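Visitor: I have just opened this structure for the first time. Could you show me how to read it, one feature at a time?

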Amino acid sequence: MFEKDYRISYLLDFYGNILTDKQKDAIDLYYNEDLSLAEIADYVGITRQGVRDAIKRGEETLVEMEGKLGFAEKFEEYRKVFAEINKCADVIRVSRSNINFFKIIEENMSFIMDQIQNVTKEAE
């Protein structure tokens, strides 16, 4: 048995449609449904070795596509930026009664604008 690399499940969400149906199904059952190779083999009607080969080839394809395109990594970076922007919005929302409200708005808006500019520059 080989060790599971659970980022494969994440990459499947981004690049799963480029895999063959057999690869996609085998990877989905193995990583997302936590079935063993033998269980998958029984379910899809191929040998255990056939399942293992389909998973390995599919994993290689997913990792290769992420290496070339980087969609999953970019998505994670953007998710972090949006989480920071959301925190700024929350600070502004809860600071309405603070005497320094306008200063808090200015600081948070500056941070938000910097984040937007960074994301925009990266996208170009």
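Visitor: Where is I99 found?

Guide: I99 is in the loop between α5 (71–94) and α6. From I46, I99 is 53 residues away in sequence and 69 Å away in space, C-alpha to C-alpha.

Visitor: How should I read confidence here?

Guide: Where pLDDT is low, the predicted coordinates should not be read in detail. For this protein the mean pLDDT is 89, with 96% of residues at 70 or more.

Visitor: Which residues touch the most other members of the largest nonpolar core?

Guide: Those are I27, V51, I55 and L62, out of 19 residues in that core. Helices α1 (7–15), α2 (21–32), α3 (37–44) and α4 (48–69) each supply at least two of its residues. A second, separate core has five residues, including V81, I85, C88 and I112. Returning to V51, leaving aside residues up to four places away in sequence, V51 touches A26, L37, I40, A41, V44 and I46.

Visitor: And how do I describe a pair of helices?

Guide: Two packed helices are described by the angle between their axes and the distance between the axes. Here the axes of α1 and α2 come within 10 Å and cross at roughly 140 degrees, so α1 is oblique to α2. The crossing is left-handed. I8, S9 and L12 of α1 meet K24, I27, D28, Y31 and N32 of α2.

Terms used:
Residues numbered from 1 in each chain as written. Predicted model: local features only at pLDDT ≥ 70, side-chain atom pairs only at ≥ 80, totals over all residues. Heavy atoms only, no water. Core = buried A, V, L, I, M, F, W, Y, C linked by side-chain atoms within 4.5 Å. Buried < 20%, exposed > 50% of the residue type's maximum accessible area, 1.4 Å probe, protein only. Helix = DSSP H or I, 4+ residues; strand = E, 2+ residues; numbered from the N terminus. Contact = heavy atoms within 4.5 Å. pLDDT = per-residue confidence, 0-100. Axes fitted to C-alpha atoms, helices over the stretch in contact; angles between N-to-C directions. Parallel < 35°, antiparallel > 145°, perpendicular 65-115°, else oblique. Left-handed = near helix turned anticlockwise from the far one by under 90°.
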